[in-house]
Amino acid sequence: RVPLLEVVYFSLFSIVMLTGHLIIFNRNMSAQVGTKNTTRKKDGAKSGHRCCIFLSIMGTLCLALQLHLCTLQKSFDVQNEGWAHRYHPMHETNSAQQQKRPPTNRNNLLLSSSVIDIHAIADKWKLSRKKKKNGSSNDIISLLEKASQVDISSLYDEDNDFVYFHHIHKTGGTTVSMLMERSFGEDAIVPGSRISGDFAFRDAPTQQQQHDQTKYRAAFSHTPFNPKLLQALRSTLQESNSPHHIRLVTMIREPMSLRASSHAMSICHYNRLLKRQARETGETHCGADVNLTALTYARLDEIKEKCTLSDTINMGPRMKRYCNDINEGKNPIKYCLSIPDLLKSEEYYNKLNMQDWYRPVLGKFTKHGGMHSNATAVEDVEQYTLERLGKSNDYSHQQQQEDETTSMTEEESFDFIWFGITERMSESMCLFYYTFRLQPSPSIPNARVMDCKTSSWWTDEDRAEVMSRETLDYAVWRTANAVLDVRLAKMKMEIQAKLDSGISLESMYYVAPECF
């Protein structure tokens with residue numbers, strides 16, 4: 001290598017010059033001391049002079065060789081072809097491997113699942129390894145391995161696939177709905193879709209309106225994927241120039257944060273009351289200093305006023321219930337006074353329906369007799385979640401066409417082509433763009449309603465209580481995170497395989513810069 005040669009030749013030049021001077025000095029001294037012969041003096045001087053000339057020439061040649069090598073190194077640097085790299089043995093090996101690499105096709109991109117550490121991912125998210133209660137084997141690892149073999153780049157077929165986003169309340173789904181509308185285009189969204197609301201069946205196109213051959217590609221709403229919605233979507237798609245293969249997408253959120261957000265914003269209206277308090281007092285409160293009791297009584301005054309001034313005939317079911325409780329001398333929103341009041345209230349299980357929140361998105365859990373905390377094992381929910389979220393390309397278009405001849409009794413027959421996790425929104429969006437081959441948006445729409453986190457006034461004890469009672473929802477969330485880890489790793493492997501085959505990163509327009 002050039003740096004080593006420079007050191008060697010410079011050292012050799014220095015040694016040669018020093019040796020020459022020592023020899024000359026020694027010759028002169030020996031010629032002048034201890035001799036009386038004038039001829040011997042002359043011979044010593046001549047010999048020393050010849051030796052000095054010879055060594056000077058050799059030293060000059062060494063110096064010239066060093067300067068020549070430096071010039072060569074600079075020339076290589078300018079061309080970004082370092083001398084050491086150009087002649088390094090590994091360079092020849094890499095070149096040979098590059099020539100032997102076979103042409104890339106879809107099968108080459110299905111890299112071995114052994115590259116992804118499935119066991120480490122299962123341990124990270126504390127997935128069960130023990131046998132199920134009925135004695136049958138637990139297929140968690142095999143299902144994760146199966147998920148790692150899915151070719152993500154071929155999951156979505158734009159010509160045949162129609163996407164329905166089931167927006168679970170308070171999961172960040174408004175952001176996803178807005179992004180879908182922006183990416184697919186407003187005209188490609190089925191009328192009746194709501195960015196943050198239930199599907200408006202009255203707005204769905206009638207049979208007479210569907211002959212305009214509009215190509216619908218997606219729909220979204222809070223409405224679960226039930227038989228009524230399926231019938232409405234099928235009717236719209238069959239009468240229009242639209243893909244008929246229905247695929248599902250959804251968002252999953254950490255169970256305690258999900259309940260905290262719903263309790264604060266949809267049930268108790270803390271967000272609106274805090275904003276009003278800030279306007280009136282000029283003070284902004286967040287976290288442990290928020291007085292939930294005071295906010296609850298402010299909300300109760302509003303309810304009492306509405307019950308006095310409004311006609312109960314035109315009230316919604318919830319407001320009617322509030323007014324009836326007030327007439328009986330009860331506090332209809334006592335579960336808003338504090339988080340412990342919520343967790344110990346009967347309304348948590350019935351009127352508020354806070355238990356087993358993910359049951360609608362995972363179908364009716366028909367394989368295991370229903371997803372209920374009292375009857376269902378965590379291992380079953382983990383396995384079922386993996387089957388629904390992890391093997392998306394196992395359910396073919398032909399299979400769905402065959403199912404269309406039967407009534408839909410199991411929502412599980414429709415697969416999830418993509419899902420996101422609220423706490424991992426950036427990673428989820430990377431997978432969203434890659435799966436649907438969409439141009440990444442310059443900015444993700446921000447639909448955040450509260451600046452203060454709704455879980456900021458929940459204590460560690462509150463979180464522990466939710467974790468102990470909502471084991472099934474946590475099983476769904478943990479398993480979803482494991483599947484997301486696998487899919488992100490597989491996505492990066494597919495991108496790297498394409499790069500190795502000669503495809504440029506710039507041509508993969510659906511890969512955001514921060515995603516790889």
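Modeller: A disulfide here is a pair of cysteine sulfur atoms within 2.5 Å. Keep in mind that this is a predicted model.

Colleague: By this rule, what does the count of disulfides come to?

Modeller: The sulfur pairs must lie within 2.5 Å. Among those that qualify are Cys 307 with Cys 323, S to S 2.0 Å, and Cys 430 with Cys 515, at 1.9 Å. By this rule the count is four disulfides.

Colleague: What pattern do the disulfides follow, with bonded cysteines counted along the chain?

Modeller: Number the bonded cysteines along the chain and list the partners. The pattern reads 1-5, 2-7, 3-4, 6-8.

Colleague: Is the link of Cys 307 and Cys 323 left-handed or right-handed?

Modeller: Cys 307 and Cys 323 form a disulfide with S to S 2.0 Å. The pair links distant parts of the chain, Cys 307 in helix H11 and Cys 323 in helix H12, 16 residues apart. The torsion about the S-S bond is -90°, and the link is left-handed.

Colleague: Are Cys 307 and Cys 323 buried or exposed?

Modeller: The cut-off for buried is under 20% relative accessible area. Cys 307 has 18%. Cys 323 has 4%. Cys 307 counts as buried, and Cys 323 is also buried.

Colleague: How many residues apart in sequence are the parts that Cys 268 and Cys 336 tie together?

Modeller: A disulfide joins Cys 268 to Cys 336, S to S 1.9 Å. Cys 268 sits in the loop between helix H9 and helix H10, and Cys 336 in the loop between helix H12 and helix H13, so the tied parts are apart in sequence by 68 residues.

Colleague: Where does Cys 515 lie, and where is Cys 430?

Modeller: Their sulfur atoms are 1.9 Å apart. With -80° about the S-S bond, the link of Cys 430 and Cys 515 is left-handed. The partners are 85 residues apart: Cys 430 is in helix H16, Cys 515 in the segment after helix H18.

Colleague: Turn to strand S1. Why is S1 largely enclosed by the rest of the structure?

Modeller: Asp 161, Val 163 and Phe 165 point one way, while Phe 162, Tyr 164 and His 166 point the other. In a regular strand, side chains alternate between the two faces of the sheet. S1 is largely enclosed because six of its six residues are buried.

Colleague: Which residue of S3 is the bridge partner of Asp 161?

Modeller: S1 and S3 run parallel, joined by six bridges. S1 also pairs with S2 in the parallel sense, over four bridges. In S3, the partner of Asp 161 is His 245.

Note on methods: Residues numbered from 1 in each chain as written. Predicted model: local features only at pLDDT ≥ 70, side-chain atom pairs only at ≥ 80, totals over all residues. Heavy atoms only, no water. Buried < 20%, exposed > 50% of the residue type's maximum accessible area, 1.4 Å probe, protein only. Helix = DSSP H or I, 4+ residues; strand = E, 2+ residues; numbered from the N terminus. Pairing = 2+ DSSP bridges.
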